[in-house]
Amino acid sequence: GAAGATDIKWISPDGQYATLDGAFNYVAGPTIASLEPGFGPMLGGTKVTLYGTAFHDDLSVLFDGEPAQVLSVVDGFVAEVVSPASSTGGWVDVSLVNPDGQIATLIGGFRYLAPPVLSELWPAQGPGAGGTPIQVSGAGLIEGTTLRFGEIEAPTVARIDDESLIVITPAHPNGATTVTVVAPDGQEASLEAAFTFLAASG
């Protein structure tokens with residue numbers, strides 16, 4: 001039935017009946033409208049905020065069936081949890097279970113990210129003034145990945161797919177430098193002396 005109080009009517013075999021007014025209360029089930037952030041490392045430990053309706057104080061939250069640590073529930077609309085670890089990674093369902101057993105599930109609501117991999121840069125050298133377009137190859141290069149040459153962040157990063165980026169080099173002191181890719185969740189991968197900045201000729 002619809003949420004709210006309802007009457008209970010008892011009817012005997014001979015047609016006599018009795019009514020208890022407002023004796024039973026239908027409770028609305030929870031809903032999950034969104035959560036943020038929608039990603040985090042496979043090690044877990046990401047603080048995630050869920051938004052929705054009919055959240056109860058003693059609820060539980062599951063990521064792909066694994067229980068999350070519940071930090072707080074605010075006004076029945078917001079819940080803060082800590083993501084558990086995942087052994088498989090990728091997109092997983094997030095379910096919220098109220099104490100009365102009613103469940104809401106956000107299909108593919110959270111993505112576990114494996115650490116990024118940086119395997120190659122081409123070309124591997126360019127002028128110290130910067131401005132060289134290079135192709136970066138690797139794995140786990142998802143949307144929002146950034147790249148550093150030493151401690152200097154590349155000004156332009158264009159993602160082709162999870163295995164390739166096009167990057168414009170920044171101005172940088174001459175010499176070989178370590179290149180680092182940084183995933184949106186903060187996980188990093190580096191290649192030492194992966195790119196050489198050259199002095200201007202002439």
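In this predicted model, ring pairs link Phe63, Phe110 and Tyr112 into a cluster. The structure holds 5 aromatic pairs. A pair of aromatic rings is described by the distance of the centres and the angle of the planes. Two of the pairs are set out below.

| Aromatic pair | Centre to centre | Angle between planes | Geometry |
|---|---|---|---|
| Phenylalanine 149 and phenylalanine 197 | 5.7 Å | 75° | edge-to-face |
| Phenylalanine 195 and phenylalanine 197 | 4.9 Å | 65° | edge-to-face |

The pair of phenylalanine 149 and phenylalanine 197 is edge-to-face because the planes of the rings stand at 75°, and the cut-off for that class is over 60 degrees. Phenylalanine 149 belongs to strand β15 (residues 146-149) and phenylalanine 197 to strand β20 (residues 188-198), so their contact ties together parts that are 48 residues apart in sequence. Phenylalanine 149 has a relative accessibility of 0% and therefore counts as buried. Phenylalanine 197, at 2% relative accessibility, likewise counts as buried. Phenylalanine 195, the partner of phenylalanine 197 in the second pair of the table, is buried too.

Strand β20 also contains alanine 193. This residue is not a glycine, yet its phi is positive, at about 50°. Another positive phi in a residue other than glycine occurs at aspartate 64, with a value near 55°. Aspartate 64 is located in the loop between β6 (60-63) and β7. Its relative accessibility is 47%, so aspartate 64 counts as partly exposed.

Strands of a sheet pair through backbone hydrogen bonds, either parallel or antiparallel. The partner of β4 is strand β11 (residues 103-113); the two run in the parallel sense and are joined over 3 bridges. Within β11, leucine 113 stands opposite proline 41.

Two cis peptide bonds complete the description. Most residues other than glycine have a negative phi, and most peptide bonds are trans. A cis bond connects glutamate 36 with proline 37, with omega at about -5°. Proline 37 is placed in the loop between β3 (31-36) and β4. A cis bond also connects tryptophan 122 with proline 123, again with omega at about -5°. Proline 123 is found in the loop between β12 (117-122) and β13 (125-127).

Notes:
Residues numbered from 1 in each chain as written. Predicted model: local features only at pLDDT ≥ 70, side-chain atom pairs only at ≥ 80, totals over all residues. Heavy atoms only, no water. Pairing = 2+ DSSP bridges. Helix = DSSP H or I, 4+ residues; strand = E, 2+ residues; numbered from the N terminus. Phe/Tyr/Trp six-rings, centres within 6.5 Å; stacked < 30°, edge-to-face > 60°. Buried < 20%, exposed > 50% of the residue type's maximum accessible area, 1.4 Å probe, protein only.
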